[in-house]
Amino acid sequence: MSTASDPVVRSSTGLRGLVLRCHFYAGLLVGPFILVAAVTGVLYALTPQLESWLYHGALAVPVTARALPLAEQVRAARGVNPLGALVAVRPAAEPGSTTRVLFTGPGLRAGERRAVFVNPASAQVTGELTVYGPHGVLPLRAALARLHRDLFLGEPGRLYSRLAASWLWVVALGGAVLWLTRWRGRRGRLGSSGWHGVVGMWVLAGALVLSATALAWSAGTSAPRAPSGWMTQAFGAGGGSAVGPDVTRVDAVLTAARAAGIDAKAVEIELPKGAGAPWRVGDGSDAVAIDGATGAVVERSRFADRPFVAKLARWGVEAHTGALFGWPNQLLLLAVGLGLVALVVLGYRMWWKRRPVRGSASSFGKPVARGQWRKVATPAVVALLVVAGLVGWAVPLLGVSLLGFLVVDGLLGLRARRGPTGALNRGRP
């Protein structure tokens with residue numbers, strides 16, 4: 001039994017105890033947040049396959065080498081949506097897929113457009129759906145994205161998801177420190193810390209990348225604008241203002257854009273916003289403005305010309321959503337997401353086994369006691385405080401929640417040290 005007057009032995013074991021205590025309680029705090037984010041993230045990573053199945057009738061047609069002019073496909077779409085303002089066309093990206101003709105009009109909210117799907121070989125309409133945002137995502141992806149981002153709770157939900165992303169890297173790095181120190185002490189017995197540690201080390205790199213890209217995305221750095229900003233402004237307009245130009249020019253405009261270097265399979269052709277305004281053609285990275293009368297390029301935006309930080313943010317977000325390098329990216333996200341789910345479940349299982357049960361001993365041992373910081377060398381404590389302050393300043397949500405945790409933990413410790421009468425019991429172990 002120790003008392004307040006006992007000398008404090010400062011050593012590296014105290015630092016490990018401090019990390020273990022922070023990892024244990026931080027995991028309890030953010031475990032539910034990480035679990036929800038991981039489950040919804042796994043579902044989001046699978047959206048290409050889920051959409052292909054769910055919207056197969058609208059998206060897929062028999063493969064054929066024949067394709068009618070875009071203007072004819074647009075006229076077919078106009079026939080089923082005569083009241084909407086025609087704003088954009090997305091030609092079929094590959095054989096067996098449909099062309100999307102996009103409208104705005106009555107009944108649509110800001111950020112929504114109505115997509116009419118057309119068979120490029122026959123000009124037959126295969127379906128209609130409301131699509132969302134500047135990229136025209138389908139309803140399932142939009143719903144899963146919002147579930148992942150804010151749980152349909154708006155700003156409170158955004159704070160919820162950002163809290164999970166803010167703490168994920170802290171918990172992950174803390175777990176890595178604990179695993180490596182325990183592994184070294186156990187002379188290489190890999191399974192000595194249990195499946196929680198094993199899975200944690202396997203998904204460590206992915207968890208850190210997901211945390212960093214999620215924070216960058218939520219901070220709004222993931223969508224760098226073109227130099228003039230016209231792509232973002234045009235695609236973000238909810239009501240649309242197309243004046244119904246001569247749609248027979250759409251094929252010539254696409255040919256001019258291809259000649260100007262817009263050679264990706266999937267492109268969007270935005271119609272002019274008014275008389276004399278240019279057409280806009282982009283593939284998500286590069287874009288050009290085309291004079292419809294002459295076919296000349298009047299403005300150009302290239303991804304290669306953007307600052308490196310903007311490129312890095314874009315690549316990070318694409319990796320986070322599974323779009324950076326196709327199905328291998330999806331498989332990695334699936335593995336990391338399922339690994340995070342397993343980590344949370346195994347972590348709570350450990351906590352459940354450690355819980356105090358009257359009349360029985362825990363096979364996992366009790367949680368690390370308070371006061372671990374007193375065992376750490378003073379320079380190390382000062383360094384930890386400086387790092388915590390800098391991180392809290394850089395990520396305010398993390399800093400505020402950490403401060404709240406310390407206040408609550410301190411109050412609980414003070415309460416535990418008081419006797420039945422409320423007086424401070426300094427001789428208590």
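Student: What is the strand order of the open sheet, and how do its strands pair?
Tutor: In this predicted model, the eight strands of the open sheet follow the order E4-E3-E2-E1-E5-E6-E7-E8, and the pairing is antiparallel.

Student: What makes E4 and E8 stand at the edges?
Tutor: Strand E4 (125-132) and strand E8 (297-301) each have a single partner strand, so one side of each has no neighbour in the sheet. From one strand to the next, the twist averages 20°.

Student: How do you know that strand E6 pairs with strand E7?
Tutor: Pairing takes at least two bridges between two strands. Strand E6 (residues 279-282) and strand E7 (residues 287-290) are joined by four bridges and run antiparallel, so they count as a pair. As one example, Trp 279 has Ile 290 of E7 as its bridge partner.

Student: Which strands does helix H4 touch?
Tutor: Helix H4 (residues 70-78) packs on the sheet, where it touches strand E1 (85-90), strand E2 (99-104), strand E3 (112-118), E4 and strand E5 (268-270). The directions of H4 and E2 make an angle of about 50°.

Student: Which residues of the largest nonpolar core touch the most other members?
Tutor: That core has 27 residues, and the ones in question are Leu 86, Val 101, Ile 269, Trp 279, Val 281 and Val 288. H4, E1, E2, E3, helix H10 (250-259), E6 and E7 are the elements that give two or more residues to it. H10 provides the largest share, five residues.

Student: Why is Ala 123 called buried?
Tutor: Buried means under 20% relative accessible area. The value for Ala 123 is 15%, so this residue is buried. Ala 123 lies in the loop between E3 and E4, and its phi is positive, about 65°, although it is not a glycine.

Student: Why does Phe 152 count as partly exposed?
Tutor: The class runs between the 20% limit for buried and the 50% limit for exposed. Phe 152 has 41% relative accessibility, so it counts as partly exposed. Phe 152 is in the loop between helix H5 (139-150) and helix H6 (155-185). Its phi is also positive, near 60°, in a residue other than glycine.

Student: What is the mean pLDDT of the chain, and where is the pLDDT below 50?
Tutor: The mean is 79, with 80% of residues at 70 or more. Values below 50 occur over residues 1-11, a stretch with 17 contacts beyond near neighbours in sequence. Residues 221-243 also have pLDDT below 50, and that stretch has 46 such contacts in the model.

Key. Residues are numbered from 1 along each chain as its sequence is written. This is a predicted model: local features need pLDDT of at least 70, side-chain atom pairs count only at pLDDT 80 or more; totals for chains, interfaces and linings use all residues. Side-chain values use heavy atoms; hydrogens and water are left out. Axes are lines fitted to C-alpha atoms, for helices over the stretch in contact, and angles run from 0 to 180 degrees between N-to-C directions. Contact means heavy atoms within 4.5 Å. A nonpolar core is a set of buried Ala, Val, Leu, Ile, Met, Phe, Trp, Tyr and Cys residues joined through side-chain atoms within 4.5 Å. Buried means under 20% relative accessible area, exposed over 50%, partly exposed in between (1.4 Å probe, protein chains only). pLDDT is the predictor's confidence in each residue, from 0 to 100.
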